[in-house]
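Okay, thanks for coming, everyone. Have a look at the chain on the screen, and I'll talk you through it piece by piece.

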Amino acid sequence: EYIRMPESLVGKGDCFALIAKGESMIGAGIFPGDYVIVRPDLKPREGKLIIALSDGKNNLKKLHFDQENHKYVLQSCNPDKETYADIVVDELQVQGVVIGAYHKFE
């Protein structure tokens with residue numbers, strides 16, 4: 001399925017969309033069922049929302065690098081940190097950086 005997005009919203013170049021599942025990113029304003037617009041970028045900066053491949057699944061998380069332990073930390077943006085714990089990985093396979101989200105009101 002294709003979604004036409006104006007250049008004024010997403011800029012030039014290729015991007016793709018994923019549908020958000022779960023509530024781990026509600027603190028960032030991304031809810032289940034939202035379309036998340038992603039620009040392919042293999043070297044995102046710390047603090048950016050990214051799509052990362054972990055355990056064969058795409059994960060929408062905030063990127064952090066733990067300098068002390070030399071590990072990547074994929075952080076949820078949900079205040080319930082017990083249910084939505086951070087994911088710590090040695091290697092990171094990035095699919096892209098989030099550039100926007102579309103929230104549908106039903």
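So, the chain has 1 helix and 7 strands. Read from the N terminus, the order is α-β-β-β-β-β-β-β. Helices here are DSSP runs of H or I with at least four residues, strands are runs of E with at least two, and both are numbered from the N terminus. A word on ground rules: this is a predicted model, where local features need pLDDT of at least 70, side-chain atom pairs count only at pLDDT 80 or more, and totals for chains, interfaces and linings use all residues. Residues are numbered from 1 along each chain as its sequence is written, and side-chain values use heavy atoms, with hydrogens and water left out.

Now the overall build. The C-alpha trace spans about 40 × 30 × 25 Å along its principal axes. A compact globule of 106 residues would have a radius of gyration near 13 Å, and this chain has 14 Å, which agrees. That radius is taken over C-alpha atoms, and the globule rule is 2.2 Å times the number of residues to the power 0.38.

How much of the chain counts as buried? Of the 106 residues, 27% do. Buried is under 20% relative accessible area, exposed is over 50%, and partly exposed is in between, with a 1.4 Å probe and protein chains only. As for contacts, meaning heavy atoms within 4.5 Å, take those with a separation of 6 or more: 53% of them join residues 24 or more positions apart.

On charge, there are 13 positive and 16 negative side chains, and the centres of the two sets lie 7 Å apart. Lys and Arg count as positive, Asp and Glu as negative, while His and the chain ends are not counted. Each charge is placed at NZ of Lys, CZ of Arg, CG of Asp or CD of Glu.

Let's zoom in on Phe16, which lies in strand β1, residues 16-19. Phe16 is partly exposed, at 29% relative accessible area. What does Phe16 touch, leaving out residues up to four places away in sequence? The list is Val36, Ile37, Val38, Pro40 and Gln95. Val38 is 22 residues from Phe16 in sequence, but their C-alpha atoms are 5.3 Å apart.

Pro40 is on that list, and Pro40 sits in the loop between β2 (35-39) and β3 (49-54). At 46% relative accessibility, Pro40 is partly exposed too. Setting aside residues up to four places away, Pro40 touches Asp14, Cys15, Phe16, Gln95 and Gly96. From Pro40 to Phe16, the C-alpha separation is 7.9 Å.

Over in strand β2 we find Tyr35, partly exposed at 24%. Beyond residues up to four places away, Tyr35 touches several others, including Glu1, Ile3, Leu18 and Tyr102. Leu53 is 18 residues along from Tyr35, and their C-alpha atoms are separated by 18 Å.

What about the cysteines? Cys15 is partly exposed at 31%, whereas Cys77 is buried at 17%. With a disulfide defined as a pair of cysteine sulfur atoms within 2.5 Å, the count comes to 0.

One last stop: His70, in the loop between β4 (57-66) and β5 (71-75). His70 counts as exposed, at 56%. Why point out its phi, near 55 degrees? Because most residues other than glycine have a negative phi. The phi of His70 is positive.
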